[in-house]
Amino acid sequence: MTPQIDTSDRNALKSLVRGTIHLPGGDGYDQARQVWNGMIDRRPAAIICAAGVADVMVTVRFARERGLPVAIRCGGHNVAGNAVGDGGVVIDLGGLKSVRVDPAERRARAGGGLLWGEYDHETQAFGLASPGGAISTTGIAGLTLGGGYGYLSRRYGMACDNMLSADVVTASGELVTASAGSHPDLFWALRGGGGNFGVVTAFEFQLHPVREALSGLIAFPFEMSKTVLQRYRDLCMEASDDLTLMAGILPAPNGGKIAGVVMSHFGTEEEGERAIRPIRELGSVIMDTVARIPYCAVQRQLDVSYPKGLRHYWKSAFLKNVTDDVIDLMIETVSTAPSPFNSIVLETYGGAVARVANDATAFGHRDAMFNLLILAISDNDAIDAEQTAWGRDVWQKILPHSTGGAYVNYLSAGEDVHSAYQDGRFQRLSAIKAQYDPANLFRFNQNIPPAEG
Ligand SMILES: Cc1cc2nc3c(=O)[nH]c(=O)nc-3n(C[C@H](O)[C@H](O)[C@H](O)COP(=O)(O)OP(=O)(O)OC[C@H]3O[C@@H](n4cnc5c(N)ncnc54)[C@H](O)[C@@H]3O)c2cc1C
């Protein structure tokens with residue numbers, strides 16, 4: 001049964017908040033509690049669509065006084081479904097979408113409810129961009145707070161490396177600004193520690209001059225997977241920061257599988273063509289969409305492959321190298337997938353990501369060159385258990401070849417959060433959590449409990 005807030009509290013909440021409130025049984029409640037992953041079916045006690053910072057502050061105080069845990073929603077893309085929680089209060093930031101670009105200082109101030117496509121639209125009017133994710137419908141908040149990897153990361157770092165400051169409503173209901181000079185511990189924690197520390201109502205990001213890229217997908221028959229992945233790996237090890245490659249074994253439109261390489265090159269067209277030649281030279285290309293396209297089109301090109309509502313279970317593992325054994329495992333295990341939509345993908349790190357000191361941010365993994373992502377995707381709830389078992393089995397086989405670390409933004413529900421925070425990070429985050437959220441009000445996330453004592 002859906003937990004309810006009693007009538008007097010409902011009335012109190014309505015009198016406090018300027019934005020819309022969705023309560024169980026009310027119009028819009030069922031739609032408002034849906035997130036991107038169709039596997040998530042949670043029933044919050046109330047969903048507050050904040051109209052501004054004041055709504056966030058009063059809602060946090062309201063929830064704290066009543067012992068109701070708070071979930072925070074930006075894009076709702078989190079695969080673990082952490083934007084909603086059973087019985088808690090959801091603060092939906094979808095109304096906080098303002099962007100102010102300062103082209104002279106190359107900085108942007110962005111509302112905590114923006115999606116990357118919306119942010120990019122505004123910054124591209126000035127020929128500027130900040131590193132974001134590879135899908136335009138992902139929220140800027142969840143992605144950045146967990147680290148934030150995308151096509152620009154090898155050139156300009158993770159999204160969190162480009163965060164200059166953040167306005168945060170902490171568990172006490174107060175608004176603070178975290179930056180290198182103000183609340184530096186909180187600022188450190190926000191750059192990778194997820195939504196544990198408060199509600200970010202606005203970010204300030206560094207911008208960089210970016211207008212277009214040579215970008216697209218080159219696909220090969222599944223039978224060529226080993227050669228394609230070996231060539232991809234070798235190319236990554238010597239690539240310039242301008243080139244970002246992702247590669248994997250992907251679903252083919254006809255139901256089979258293909259080996260695919262997605263590229264983005266931010267240098268000149270000639271340099272980009274030269275950089276991708278070793279992939280094209282493999283021959284037998286069955287699809288090649290690579291073209292010089294505007295940055296916003298780069299950011300949207302994979303959207304169609306990740307529609308809302310499918311059922312997702314993900315596992316990930318950071319790797320220092322992709323050995324032939326890993327490639328063999330990818331090919332072997334993808335062939336046993338219960339769903340035709342399952343895939344295994346490699347993202348390339350290094351470049352500017354690796355040049356940031358390992359202890360500079362809560363996001364670590366700076367020494368990993370690759371992130372392997374196991375995606376179990378289906379539209380059939382009858383095979384959920386099989387899909388989860390498949391994802392775990394593949395991951396177990398990959399684990400001995402990995403750093404043992406996982407990317408917090410790719411953790412599904414109920415996974416080991418420690419794996420995201422190695423080298424004493426978990427303990428440091430836990431101490432900061434105790435300072436800013438001692439009662440663990442913000443616990444619908446990849447939770448870092450407050451340190452005791
Ligand atoms: C299709 C798809 C593609 C993706 N591609 C990439 C990619 O290219 N690179 C990458 O790094 N990741 C990627 N991800 C992972 C993504 O970074 C995470 O799922 C991230 O959590 C999504 O952010 P969101 O704002 O959409 O999520 P939400 O589900 O809204 O929130 C996720 C978490 O962040 C917290 N949170 C949200 N907003 C705030 C806020 N304003 N203040 C404080 N906490 C907040 C929530 O409490 C929750 O714990 C992808 C995910 C999907 C589904």
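## Conventions

Strands (E, at least two residues) and helices (H or I, at least four residues) are DSSP runs, numbered from the N terminus. Residue numbers start from 1 along each chain as its sequence is written. The model is predicted: local features need pLDDT of at least 70 and side-chain atom pairs count only at pLDDT 80 or more, while totals for chains, interfaces and linings use all residues.

## The open sheet

An open sheet of 5 strands runs in the order β5-β6-β10-β8-β9, with antiparallel pairing (two strands pair if DSSP finds at least two bridges between them). Its edge strands, β5 (99–102) and β9 (175–179), each pair on one side only. From one strand to the next the twist averages 15° (axes are lines fitted to C-alpha atoms, for helices over the stretch in contact, and angles run from 0 to 180 degrees between N-to-C directions).

Strand β8 (residues 163–169) pairs with β9 over 5 bridges; V169 has L175 in β9 as its bridge partner. Helix α4 (residues 116–124) packs on the sheet and touches β5 and β6 (107–111), its direction making about 35° with that of β5. Contact requires C-beta atoms, placed from the backbone, within 7 Å.

## Helix α8

The buried residues of α8 include V228, L229 and Y232 (buried: 20 or more other C-beta atoms within 10 Å of the residue's own). Among the elements that the buried residues of α8 pack against are β12 (212–221), β14 (257–265) and α11 (324–334).

## Residue M263

M263 lies in strand β14. M263 is buried because 24 other C-beta atoms lie within 10 Å. Leaving out residues up to four places away in sequence, M263 touches S215, G216, L243, L245, I276 and V290.

Methods: Contact = placed C-beta atoms within 7 Å. Buried ≥ 20, exposed ≤ 12 C-beta atoms within 10 Å, placed from the backbone.
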